[in-house]
Each structure stands twice: as structure tokens, then as C-alpha cells.
Amino acid sequence: MPDKLVHAESVTKVFRTRAGEVRAVDDVSLTVHRGETLGLVGESGSGKSTMARLMMGLQTPTSGRVEFDGQDLSKLPARELRLLRPRMQMVFQNPYGSLLPHFSAIGNVMEPLRLHERGDKESRRTKALELLDLVGINTGHAELYPRQFSGGQQQRIAIARALALEPDLLVCDEPTSSLDVSIQAQILELFTDLRDRLGLSFLFISHNLAVVERLADRVAVMNKGRVVEEGSTEDLFRAPQDDYTRQLLSAVLPIRQAPGL
Amino acid sequence: MSDEALLSVRGLRTTFRRDGAEPLTAVDGVSFDVRRGQALAIVGESGSGKSVTMRSVMGILPRTARITDGQAMFGGRDLLAIGDKELRKVRGRDIAMVFQSAMEAMNPTLTLERQLTEHLLWHGICNKAEARKRAVRALGDVGIPDPEKRIRTYPFQLSGGMRQRAMIAMAMVTEPALLIADEPTTAVDVTVQRQILDLLAELKNRGTGVIMITHDLGVARYFCDDAVVMYAGRVVERAPMDRLLDDPRHPYSVGLLGSGVEVGGRELPLRPIPGSPPDLSHRPDGCPFHPRCARAELPRCGTEQETLTIGPGRDAACWKVAVDA
Ligand SMILES: Nc1ncnc2c1ncn2[C@@H]1O[C@H](COP(=O)(O)OP(=O)(O)OP(=O)(O)O)[C@@H](O)[C@H]1O
Ligand SMILES: Nc1ncnc2c1ncn2[C@@H]1O[C@H](COP(=O)(O)OP(=O)(O)O)[C@@H](O)[C@H]1O
Ligand code: SF4
Ligand SMILES: [Mg+2]
Ligand SMILES: [Mg+2]
């Protein structure tokens, strides 16, 4: 079994717009190893979300290739790609937008199971309830609709939904940035717990460097479509090598007078 | 203080109609002042009523909402009483709003140009050519490269962070007296965040009062002068910004500070507040924080909520807080 779960090799993505060509991702190679959390940080517009979509096979690179579990996504027939799809799931910044508004909380979690024909209705219900419980949603509220939950609770439901198909990889695009700090702290604990219990791998995109420092094993820094620095979380935060990384770290706004106290 | 306040909100109460149940009180007697050229931070957990408070003041509540009590004095008029037609004249010109998500504020089917010039043209502030010039300048000001070109694009063609900046440009273009910013920098990276805050600070220096709803206590510290902490639809602590962060007094404020993660604090244990905010249809009696509060003492905390003055410009809704000598 390859140690690399997802691997992007020299991928480039060019978009054509009225304003001309945009090179969103420019010759990037990136790997998420099995069981690892890779943090992806960088300026807005630097290509992080595009990179995430490429790594999930949701968009095709203009050049380069992406391998999931050793299989080249661009070479896979549609049927096999469909089988791979459940193994990578995404959690977005805006939980409400990623939930089905006319489905209850439990309905949202059951839907991917139904689409992929997992189990019967009863077992799907049981599984969805377990997942809601796992992410800390009171199962007594399972029949409520997304809008009846707070932002933090919606994100928990979105996470439960993403976990329904038992993915190997969870791609999180700013998953806590619409949440306030106390809920963020709980979601961070939830992610840590999921990683330890389920052995999940994460690609974790966030502009919140403190969150990335806390969760990631390794960090890659993107700037203008390129990865400018990559390293272990500890090294990168302690001794950033690239000018842009240094600039990024110095822009962090401390909460307490002496951070870390 | 309320004499010199730009916006003075007193006893605001907003409810939502529900099918087959009592109306839900989302905002329950909220008061605060915003001063000219100063920024007020409003912090608190999801569902604590921050957005509903602002939407009440702006008159942009959903149909099911009703303001049942309170005042919001702005330029000698009560915004809660002047009616929709007058309020529409104030909105976008004297008071601008920046939302949590640019998708809420921007129309996906219109170019940036149409959206940025809309308020200028609708309020008759200037002609079309001038409006375009100001719009391009505003886009450049918020750090959008190539504003002359970008102004012709649609919101979906921008990255999330750029869309957020475009929305801020949209709010700044009329130079409003009051800017209400609901999580304005959550979608952007720290360098752009700093750039946006510095831009907003310039607006502040020119006298604009700002209400900043934020989950980011670092942003609050950097940008805001005063702070209001909300919980379950009520204000639980009011303090000068630095005092709140360096020496929080209300147990909920203490909990918020304990949940904040900081660079360099990787090894520090997280101390999230246990549980979640109350379902407002079952708001706990007395102090609504008592089911989660480590210092709660029953029966008193479960039956009454008392606000103590801590010091100048500082109070907290807890009978157990330490009060300055
Ligand atoms: N359209 C609505 N219908 C019914 N209840 C609503 C509606 N909008 C808000 N509420 C309720 O009002 C309360 C306050 O919501 P509000 O959105 O103001 O919180 P918030 O502090 O802004 O939270 P967040 O930080 O998640 O945006 C919540 O209990 C919420 O469920
Ligand atoms: N569908 C698209 N059409 C045109 N340009 C796009 C599209 N998606 C992204 N881009 C452009 O690609 C660049 C990177 O965007 P994105 O990956 O969203 O950045 P990030 O997530 O780091 O904020 C930006 O310049 C953006 O405008
Ligand atoms: S009143 Fe009681 S429950 Fe409420 S914050 Fe104070 S100590 Fe805690
Ligand atoms: Mg993005
Ligand atoms: Mg809100």
C-alpha cells in the first residue's frame, strides 16, 4: 500500500476569463500521506481551493497529474472514478451552503448513503444517528432542518455528512473560519478526535495560522499559484525560510498581550 | 456618553414568529453605544444574536421577525421608528454594511461595476462617470489588482478573499458615517486582513464609527476600542477592548478567552467552554449561562441575573464578578 494517499505531480490550472488568463495553480507538487494532516496556507487567491479541487478530481488540471491511492485520476474511467469519489470528502467554510436546506439533519447525513446505495433505509438511519452523535449533535434534534441550527451545529452536521461514506481523506476548506472561537475550539477537538479514532487524513486549508499550527503535521505555503515553502509544522513556524512565509507570520494579530501565556 | 454617541441602542428586543409556538426572543434587551471614529467589537457565540441585533438596526430582518421594544438613535432619529422608506435612504449612504459572506451582499448576475456604483447612483451622490472612477479607486484601495479590468468581471470569477474585498469596497465607496461589519475578514488571509483593517482604520480616522462583529479576538484587539460580549441574546460584559482581553471578568468572557488559539500556543491545552449555547426556545431561567458555567451557584444563578458595574465603562451580568475597588 503506497504511503502517499493523494499526490499531485506538477499540476497547473489555467482559467480563462474576460480579464484574461488566470494561472490559479502553477506547477505545484503536493502530497498528503496516509494518516497525515497537511495544512495549506497562503494569501487569498493564491490557489488553495483550486488546489483542493484538483486533488479531489473535481477539476482537471491543465497539465500535470493527480494520483489518489496510486491511481491517476485523469486516466480513470468514469465508473471507477465514481467508486473513488466517496473516499474523499470535503468540508467547506459555509456549512449552510453545503447542506440540503429541505432535508432534516439526519436526512442530510443519510443522503450520501442513499446515493451510493449503502445499506437499507433502517441501517442508513442508524448510521446517520451514530454520526450525528459522534460529531456532538443531540440526536433528539435529528429531525430539525439546517436553518434551525446555529452555524457551529451546521458545521458539525456537514462534517457528519462528509464522514457518512467513511472517507480516507477529508479536505477542509476554511472549516472553522465562519465559527466563533469557542465553537472553533470544539471543532478542532473533534477533528483531532476523528483523526485519532478513524485514522483520517486531512488536507486542511485555513488562513488561521494558529489553527493550522495546532492541527497540521506538515504545512505548505502558497503564494501566487505556487508552493513557496513546505515543511514540518514545527520548523516552518519556528524558522520560516521564505520571505512570504515570514510576512504571513508577522501579520498574525495576537489576542493576549504576550501570546502563549 | 450617549450624548456624543453616533449610534445609541437601548433595550432592543427582537422576536421571531414560529408556527404553533410562542415567538422566539432572539435579542433580549440589548444596549450599546458606538462613538464617532471609534470601533465597537461585538463578540459572542453563534446564535447569540449579534447579526439579528445589526439587522434590526438596519431594518433588514426577515418577514417573520418583529422588533418589540427598544430604540436605536442615529443622527437624532430613532431608526426603529422612522419606517422603511426613510431607512432605505439611510442605508447604503449613511450606514453601510459588510457581511459575513460576500454571497449575501453581492448579486452573482451583475458585474462589480454595476454593484459598486449602485448606491452612488441610487442616492444621487454623483454621475455615472464619477461613480465609475470612485468604484475603480475603491477596488484598488482594498488591494484588488488591476481594478480597471476586474471591475468588468462577475463575483464568481473572483476567489473568496477577493470577493470579500470587493464587498468591502462596495461599502466604503459612499464614505458612510457608520459601518457595520459582520465578520468582514473571516474569508481572507492574515496579510489581506491586516490590509483591510488598516483601510477600515482610515475610515475610522475620518470619523466613521464602526461596529465589528467578529469571532477573531486578535482582530478585535487590533481594531476595536470598546467591546460588548453577547450571550443568548443578552449583553453579558461591556468593557474597553484591552481590558476585556487582558482581564475578562464575566465567566463566559473568561471561557471565550480560554478557547482562543494563538500562534505559538500549540502545546497549550484547549479549554473550550463545554456544551453549546442554549436553544433560545428553552432559554435557561436566571443567568442563561448557568448550565455551562463552572462558577454557577444554585439556586441563585438559576433564578436571577444581575448586572454589576465593574469600573468606568465596564459592567458584567453576573453577581459573582470581581468589581474594581
Ligand atoms: N430567520 C430566522 N428565523 C428564526 N429564527 C432565527 C432566524 N434568524 C435567526 N434566528 C435565531 O435568532 C438567534 C440569533 O441568531 P443570529 O444569526 O443573530 O446569531 P449570530 O450571533 O449572528 O450567530 P452567527 O455568529 O452564527 O451568525 C438564533 O437562535 C437563531 O436561531
Ligand atoms: N471558475 C473560475 N474562473 C475564473 N477564475 C477562477 C475560477 N476559480 C478560481 N479562479 C481564480 O483562480 C485564482 C485562485 O483562486 P482560489 O483557488 O479560489 O484561491 P484561494 O482559495 O486561495 O482563495 C484566483 O485568481 C481566482 O480568481
Ligand atoms: S451569574 Fe452565576 S452562572 Fe451566571 S455567569 Fe455568574 S456565576 Fe456563572
Ligand atoms: Mg478559497
Ligand atoms: Mg452572524
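How far is an oxygen atom of ligand 2 from an N or O atom in the side chain of A:Ser49? The distance is 2.6 Å, and point 2 returns to that site.

1. **Ground rules.** This is a predicted model, where local features need pLDDT of at least 70, side-chain atom pairs count only at pLDDT 80 or more, and totals for chains, interfaces and linings use all residues. Residues are numbered from 1 along each chain as its sequence is written, chains are lettered from A and ligands numbered from 1 in the order in which they are written, and side-chain values use heavy atoms, with hydrogens and water left out.

2. A polar backbone atom of A:Gly47 is 3.2 Å from an oxygen atom of ligand 2, and a backbone N or O atom of B:Gln157 lies 3.1 Å from an oxygen atom of ligand 2. The protein covers 85% of the 560 Å² of accessible area that ligand 2 has on its own (Shrake-Rupley method with a 1.4 Å probe; for residues, only the protein chains shown count as cover).

3. **Ligand 2, the shell.** There are 16 residues around ligand 2, and the closest are A:Gly45, A:Lys48, A:Ser49, A:Thr50 and B:Gln157; a residue is near a molecule or strand if one of its heavy atoms lies within 4 Å of it. Because the surrounding residues come from chains A and B, the site is shared between chains. The largest share of the shell, three residues, comes from α1(A); helices (H or I, at least four residues) and strands (E, at least two) are DSSP runs, numbered from the N terminus. By class, this shell has five nonpolar, nine polar and two charged residues. Here Ala, Val, Leu, Ile, Met, Phe, Trp, Tyr, Cys and Pro count as nonpolar, Asp, Glu, Lys and Arg as charged, and the others, Gly among them, as polar.

4. **Ligand 1.** Of the 14 residues around ligand 1, the nearest are B:Ser46, B:Gly47, B:Lys50, B:Ser51 and B:Val52. Oxygen atoms of ligand 1 lie 2.8 Å from a backbone N or O atom of B:Gly47, 3.2 Å from a polar backbone atom of B:Gly49 and 2.7 Å from a polar side-chain atom of B:Ser51. On its own, ligand 1 exposes 640 Å², and the protein buries 70% of that. Helix α1 (residues 50-58) of chain B gives the most to this shell, with three residues. The shell divides into five nonpolar, seven polar and two charged residues.

5. **The A-B interface.** In chain A, 48 residues are in contact with 53 residues of chain B (heavy atoms within 4.5 Å). The two chains bury about 4400 Å² between them, 55% of it on carbon and sulfur atoms; buried area is the accessible area (1.4 Å probe) that two parts lose on being put together, summed over both. A:Arg214, A:Leu253 and A:Ile255 supply 18% of the area that chain A buries against chain B, more than any other three residues.

6. The rule finds one salt bridge between chain A and chain B (a side-chain nitrogen of Lys or Arg within 4 Å of a carboxyl oxygen of Asp or Glu). In that salt bridge, the side chains of B:Glu262 and A:Arg256 meet at 2.9 Å, N to O.

7. **A salt bridge inside chain A.** Over all chains the structure holds 45 salt bridges. In one of them, A:Arg34 pairs with A:Asp69, the closest N and O atoms being 2.8 Å apart. A:Arg34 lies in the loop between β2 and β3 (37-42) of chain A and A:Asp69 in the loop between β4 (63-68) and β5 (71-72) of chain A, so the pair ties together parts that are 35 residues apart in sequence.

8. **Backbone geometry to look at.** Most residues other than glycine have a negative phi, and most peptide bonds are trans. A:Ser10, in strand β1 of chain A, has a positive phi near 45 degrees. A cis peptide bond joins B:Leu298 and B:Pro299, with omega about 10 degrees. B:Pro299 is found in the loop between α11 (251-259) and β11 (308-311) of chain B.

Terms used. Polar contact = N/O pair within 3.5 Å; in protein donor to acceptor, adjacent residues only side chain to side chain.
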